[in-house]
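Let's take a friendly walk through a protein model, one part at a time. Keep the picture open as you read.

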Amino acid sequence: MTEVILHVYDVTNSGSDKTNNTIMQINKIFKDGIGLGGIFHSAVYGDEEWSFGFCDHGTGVFSCPPTKNPMYTYRESIILGKTSFSIFKVNQILRELSREWPGQSYDLLSKNCNHFCDQFCERLGVPKLPGWVNRFAHAGDAAVEIAGNTAYRFRQAKTEIVTASKVAYRFLAGVASNNSVVSPESPGNSSRGSPRFQGTWFKNLISAGPKPSTSSEMENRDEVVVGQAAEAPLKLNSHRDI
């Protein structure tokens, strides 16, 4: 049986010493101070550590000697358990993961190195990563979903307000046009309450009023907006997290 070891790094590959130091401070406060989480890179297994990162072509799965990834600052190692699989079986699992995890599919929130390590551990039959390792990504993913839902509801409300405004405008326009036809009001000579007047402006309002958007149209518009946001490219170097 082989021990499966998790290696955790502080993500310090920004190219800026100031940014790297800030990340180190964030990790120190939020993980070491209050145990919440941080901005981490992870890798797992034994004689070699395996992980996942962005690259332009081919698989995003890669390996290096344990604790020796040159792109990040090593933090700590945690024994997750033991796998009963042979080296041959582990290599087979890695070949499958290499096909399933192309480098271009990397996503900081939904498909990062920590997600890969979770899946690798699951296939090795050992516990997944501690929650704090990837908590910031989970929180960010939830925030994106909440923001998207909020934006959708806001667009719905905005559409309803615009539609109501158009209806009100056409109602007032109908009143004005009918008032220009009939004589001005005077005591005992008012047409405003007559069935003919009411029928005229109501008929004009219905024929000229805007057709309300269907739910499918609303969903399509929402998908376009979300799709446009998702198309913004995240430029990363080869096999890197952020």
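This is a predicted model: local features need pLDDT of at least 70, side-chain atom pairs count only at pLDDT 80 or more; totals for chains, interfaces and linings use all residues.

## A helix with two faces

The expected span of a helix is 1.5 Å times one less than its number of residues. Helix 1 covers residues 17-33, 17 residues in all, and reaches 22 Å from its first C-alpha to its last, close to the 24 Å expected.

Which residues of helix 1 are buried? They are Asn20, Ile23, Asn27 and Lys31. Seen down the helix axis, the buried residues of helix 1 fall within an arc of 60°, so they line one face. The buried residues of helix 1 pack against strand 1, strand 2 and strand 5. Turned away from that buried side is a face with the exposed residues Lys18, Asn21, Lys28 and Gly33. Just after helix 1 comes Gly35, with a positive phi of about 70°.

## The nonpolar core

Now look for the largest nonpolar core, which has 26 residues. Those with the most contacts inside this core are Leu6, Val44, Trp50, Leu80, Phe116, Phe120 and Leu124. Strand 1, strand 2, strand 3, helix 2 and helix 3 each give two or more residues to the core. The largest share, 5 residues, comes from helix 3.

Leaving aside neighbours within four places in sequence, Phe116 is in contact with Trp50, Ser51, Phe52, Val61, Leu97 and Trp101.

## A threonine tucked away

Thr83 is found in strand 5. Is Thr83 buried or exposed? Its relative accessible area is 0%, so Thr83 is buried. Apart from neighbours within four places in sequence, Thr83 is in contact with Met1, Thr2, Val4, Leu124 and Val126. A polar atom of the Thr83 side chain also lies 3.2 Å from the backbone nitrogen of Phe85.

## Two positive phi angles

Most residues other than glycine have a negative phi. Tyr45, although not a glycine, has a positive phi of about 120°. Tyr45 belongs to strand 2 and is buried, with a relative accessible area of 10%.

Thr67 is another residue other than glycine with a positive phi, near 65°. You can find Thr67 in the loop between strand 4 and strand 5. With 25% relative accessibility, Thr67 counts as partly exposed.

Conventions. Residues are numbered from 1 along each chain as its sequence is written. Side-chain values use heavy atoms; hydrogens and water are left out. A nonpolar core is a set of buried Ala, Val, Leu, Ile, Met, Phe, Trp, Tyr and Cys residues joined through side-chain atoms within 4.5 Å. Buried means under 20% relative accessible area, exposed over 50%, partly exposed in between (1.4 Å probe, protein chains only). Helices (H or I, at least four residues) and strands (E, at least two) are DSSP runs, numbered from the N terminus. Contact means heavy atoms within 4.5 Å. The arc is that of the directions from the helix axis to the C-beta atoms. A polar contact is a pair of N or O atoms within 3.5 Å; within protein, one must be able to donate a hydrogen and the other to accept it, and residues adjacent in sequence count only if both atoms are side-chain atoms.
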